[in-house]
Amino acid sequence: MNKKWLIHLVLIIGAVIMVTPFLWMVLTSLKSFGEAMQVPITIFPEEWLVENYLDVFASIDMMRYYFNTLMVTLGRTLGQLILCSLAAFAFARMDFPGKNVIFIVVLSVLMVPMQIILIPNYGILTSLGWIDTFYALIVPGMFSAFGVFLLRQFFLGIPKELDEAATIDGCSFFGIYWRIILPNATPGLIALGIFTVLASWNDFLWPLVMTNSEETRMLSVGIAAFQGQYSTDYPLLMASAVLSTIPMLIMFVLLQKHLVSGIALQGVRR
Amino acid sequence: MSDSNVLMKPKRSRRKRKEAMWAYLFIAPVVIGLFLFYLMPALASFGLSFTSWNGINPPEFIGLDNLIRLVQTDSFIRSMVNTLVFTLVSVPLAVMLATGIAILLNQKIKGMIVYRTLYFLPVVTMPVAVGMVWKWLYNTDYGLLNYILGLLHLPQPAWLFNPNIALISVIVVYVWMTVGNNIILILAGLQGISETYYEAAEMDGASKLKQLFTITIPLLTPTLFFVFITGIISSLQVFDLIFIMIGDSHVLLEPLRTLVYGVYESGFEYSQMGYASAQAFLLFLMILLITIFQFAFQKKWVHYDG
Amino acid sequence: MGKRVCTIFLMITLVGILTGCGNDTEGGSKKTLEVALWDENISGAVDASIEEFNKEHPDVEVNVTYTPYANYFTKLRTSIGGGSGPDVFWMNGPNFSEYASYGLIKDLEPFIEEDSDFSKDAYFDSMIDLYSHEDHLYAAPYFSDIVGLFYNKRLFDEAGLEYPDETWTWEDIEEKGDILADQEEGVYGYTAYVVSNQAGYYNLIPQAGGYMIDEDKTHSGFNSPEAQEALTFTQDLIDKGISPSVQTQIENHPRDMFMSGMIAMHPEISVNAEMFYSELGDELGVAPLPAGKEEGSIAHGIGWAMNGDTEQEELAWDLIKHLTGEKGNQFIAESGFSIPAQESMSDLWVDSMPELDLQVFIDAQEVSFPYPVSQNTIQWQDIEQAEIQGAFLGYKSMKEALDNVAREMDIILESEQINE
C-alpha cells in the first residue's frame, strides 16, 4: 500500500515540474507589462488583464491561422496514416525483390536533416506551381519515413501466427492488412496520429519558406511574426503562446479517450 | 481457393509474384513521395556541397574547399562538440526519465489519466511557445526560476548568459519538452506486452522487481530501440528551440551553436548555400554513422517476439 | 478487396483536392504585382498608395505580403534565388549592397532618365546616398529614420528636473541620468543602447571623430581609440547604474522598458515615435541627441526595390513611383509612421503628432552620419554585435572584442574586394 504512495509522490513531483512553466505562461499572460517586470515577483496578477488576449486577436488574424493550421494538420495526418501503414505492412509482412534495399533507402530519408532539403524543394514546388498553396503545405508532409518505421516496428510485434492463420483461411494481403494488422496495431496508429498532428501543428520552417501570404499562413509563423513585433513584451507573448496551445490541449483531452479505449482493446485479447 | 489441385511449384511462384505486385502497390505512394520531396532534394544538396553556390549565380565546382574551410573554422568545431554533448546528455536522460515515468504510469494507480495528461502538456505546446516560456522562466531579473532560488537562498545564475551553463539550460528545456513524446511511445509499447506473461510470472512467484527486469524491460527493448534511434536523430537536428531562445542576440549563440544552426546561418542568413550544404552533409554523415552503429549493436540488446 | 483499395486511393485524391483548394484561378487575364515588406504598422499608407495606383491601372491586382522582419530577408533571398519572389519590395541599408551588386534588384537609373516625374533631388541626400550603388539608384527612398532622444516627462517631473533640450551634452545625460535612476523602483535614467547599434554606439563613434567603416569600404574602424572611447562611455553609464545592463537589455528590450515608464531617457529611431506616443501619450517628449566632438546622428531609411527578374518592370516602376512620389509621401507623413523621404513633405509628418517636437528629427537630417554598409554588412554586423555584447557581458575585455571585430571585419571586406 505505501508503495503506491511512493509512486504518487514521485509522479506528483514530476507533474509539478512539467506543469509549472505552463501555469506561469498563463499567469504571465494575464499581467500587465509593468507587473511582469516587478521585483519581487507577484504570483497571481494584481489585475487579471484578459485584454491581453483581445490585443493578440486585434493584432493578428488568429482565426484564419487556426483554420489554415487545422486544414494542414488534417491533410497530413490522414495521408500519413493511410500511406505509411500500407507501406509498413509491406515491409513487415510481405516478401518482394529489393525489399531490404528499398527499406534502407526509406530509412535513410529519416536521417536527412530538414535543412538540407529545403532549398531544392523550394525549386521543385516552384516548378509544380505549388508555392504559397495548401498543396505545398500538405502533400510533401503526407509521406513520412518516420511513420513507416514506427508502424513497421509495431507490426513486427504482432504475432505472425495471426496472419498465418488468416492466410490459410484464404485472406488476401489487403485482407490481412485490413482485418488483422490494423486492428492489432491501434496503439501504434494512435501514436503516429498524435505525432503527425503535433508535428504539423508545430511545423515552422517549412510553412515559413513555402508560403508568403496571409491566406496560407500557419499559426506558428503568425505567432513568430507577433514575437518579432513585441520582442520582450512577455504578457502579450505568453498570451499568444497560450492561444497557440489551446487547440492541441482540446484535441488531447479528446484523444485521451481513444488512448484508453486502445488500452482496453489490447486487454481483451482474442 | 479453387486451384488447390494445381502443381506446387508454379503456384508458389505465382503467389510470390502476386505478393510482390501487391507489395509494390502498397509501398509505391510513400516511396515515390519520399523520393520526390526528400531523397532527390537531398542528393541535389549533396552535389551543392562541392560548389560555391550563393543561391543566385550558377553553382561553381570548388571541390573540397568548403570542407577544408569548415575544419579550420573554430565556430564549426564548437558547433560539432555542442551537438554531440547536447545529444549524448539529453537523449539518455529523456529516455531514462520517460521509461521510469511510463512504467509508473502503467501501474494500476488512481489518477493515472490525470498524471498522463499533465506529463503530456509540454508535448502539446508548440516549440515556438516552449522557447518563449522558458526564456521568460530563465530571465535573470524577473524570471520565476531565479525567484524561487532566491527564496531558497540559492545562487541565481544567469541561465542563458553564463557560457558554462547555457547549453545545460537548453538541454533541460529539451528534456522537459521531449520526455512526454517518449512516454507516449513507451506507454504504447508497455501496453503491447501481454498480461499473460505477468500472470505466468506471478504463478512462478517472481517479484515485481524481477518481473520488471525479466519481462517488462526485455519486451520493451524494440520500443526503446525505436525511441533511441529517433530521439538521437531529432536531437541532432534540434533547431527551433535554440533559435527562439537565442532570439536575435548573437552573443547568446556561441555557447549554444549547433550544427543545424550553422547550416541555417550559412545558408539562410549569409546565403552561402554551398558552404551550408557541406555542413548539412557532415551532419547527415554524423547521423548516419551513429544510426548504423546502433543498428549493428541492436542484436545485443533488442528482443523481438516474446 | 479491390473495392477497398479503390476507396483508399480515392480518399487520398480527395484529401489532395479538398485541401489544395484556392489559388487555381490565378491564371486569369488579370495582371498581378506582388509586393513585400515587413512592417504591418504602415499598411494604411501602403494601401492608400496602391489605391491611387489602381485608379490608373484598374486591371492590375496588387498583392501585399507582410513577412516578419526576422525572416524577411531570409525569405526574400530564398524566393529570389528560386527564380521567383515579389516584384516590388522593401530594402534596408545592411542588405542593400549585396542585392544591388548581385543584380537581384534592378538599377532604377534607366527608368529615372526616361521619367520626368521622378527627381532624386526631392529626397534627403542621406537616403539617396544609402540606396546608390556605384552612383546608380537601386531603391527608391520611402521614409527616413534618424535617431533622437525620447524622454518620459513624468519621471523628469517627479525628479524636479528640466526636460532635455538642444543644449544638452553627454555630461548632462550622465549627471541627470544619475539623478533620475532609482534602483529600488527599478527605474533607469538613460538607455546606453547596446542591443541596438543604430540608436546606440553607431552615433557615439562618429561623434567622437571615428568611423565604423572607412569610405573605401576596405577597413574597419572598430579598433580605433574613438570606438574605444565611445564604448567606454557606454560602459560607464551601465556601471554607474544609470543604464540597464546589456544582459537586461537583451532579456527585456529597452524599448519595452521605456514604454512602461522604467527608463527616463531613451535614444531611438524616429520610426518608433508613433508607437511610443500611443503608449505614453502626454508623458512623451523628444529632444535632439546630444553632440560629442562632432555633432550628428546616424541616418537610415527604407527604400522600395524592384526584383531584378520582374516580368512587369514598367508596372513595377509605376507602383514604386506611386509609393515614393508626393502622394505616397503624404500618406506616410499623415500616418505618423516616420519621416517621409521627400524633404518637402517632412512638415506634414511633424504636424501628425503636434504635441511632440518632431522637428528635431528633421533638423537632425542636416547633420547626419551615413549608415555603415559594405557588400556583406550583415555578416560583420553579426560578429560586431556578438563581440561587443560579449565584452559587456564580461566574456572578454572591450579592447580584445574590438580588435576581434576589426580583424574579422577586415577579412570580410578584403574578400569583398576580391569578389568585385
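Predicted model: local features only at pLDDT ≥ 70, side-chain atom pairs only at ≥ 80, totals over all residues.

**Stop 1**

Where they touch, domain 1 of chain C puts in 27 residues and domain 2 of chain C puts in 26.

Stay on the domain 1 side of that contact. Pick out α4 (93-101), β6 (139-152), α17 (359-366) and β12 (368-370) of chain C, each of which supplies at least two residues to the side touching domain 2 of chain C. Which of them gives the most? That's α4(C), with seven residues.

**Stop 2: where chain A meets chain B**

Now show chains A and B together. Their contact takes 80 residues from chain A and 73 from chain B. On the chain A side, helices to highlight include α1 (2-29), α4 (62-93), α6 (114-127) and α14 (234-267) of chain A, each giving two or more residues to the side that touches chain B. α1(A) gives the most, at 14 residues. How does the chain A side split by class? Here you get 61 nonpolar, 16 polar and three charged residues.

**Stop 3: an annotated stretch of chain B**

Select residues 80-294 of chain B. An unreviewed UniProt entry annotates them as "domain: ABC transmembrane type-1". Switch to cartoon: this stretch of chain B is 76% helix and 0% strand, and its end C-alpha atoms are 20 Å apart.

**Stop 4: one helix pair up close**

Hide everything but α6(A) and helix α12 (residues 273-301) of chain B. Their axes come within 8 Å and cross at roughly 140 degrees. Angles over 145 degrees would count as roughly antiparallel, so α6(A) is oblique to α12(B). The crossing of α6(A) past α12(B) is left-handed.

From α6(A) come A:Gln115, A:Ile116 and A:Ile119, and from α12(B) come B:Met273, B:Ser277, B:Ala280 and B:Phe284. By class, the contact of α6(A) with α12(B) has five nonpolar and two polar residues, with no charged ones.

Notes: Residues numbered from 1 in each chain as written. Chains lettered and ligands numbered in written order. Contact = placed C-beta atoms within 7 Å. Helix = DSSP H or I, 4+ residues; strand = E, 2+ residues; numbered from the N terminus. Nonpolar A, V, L, I, M, F, W, Y, C, P; charged D, E, K, R; others polar. UniProt positions renumbered as here; feature names shortened; annotations may be inferred. Axes fitted to C-alpha atoms, helices over the stretch in contact; angles between N-to-C directions. Parallel < 35°, antiparallel > 145°, perpendicular 65-115°, else oblique. Left-handed = near helix turned anticlockwise from the far one by under 90°.
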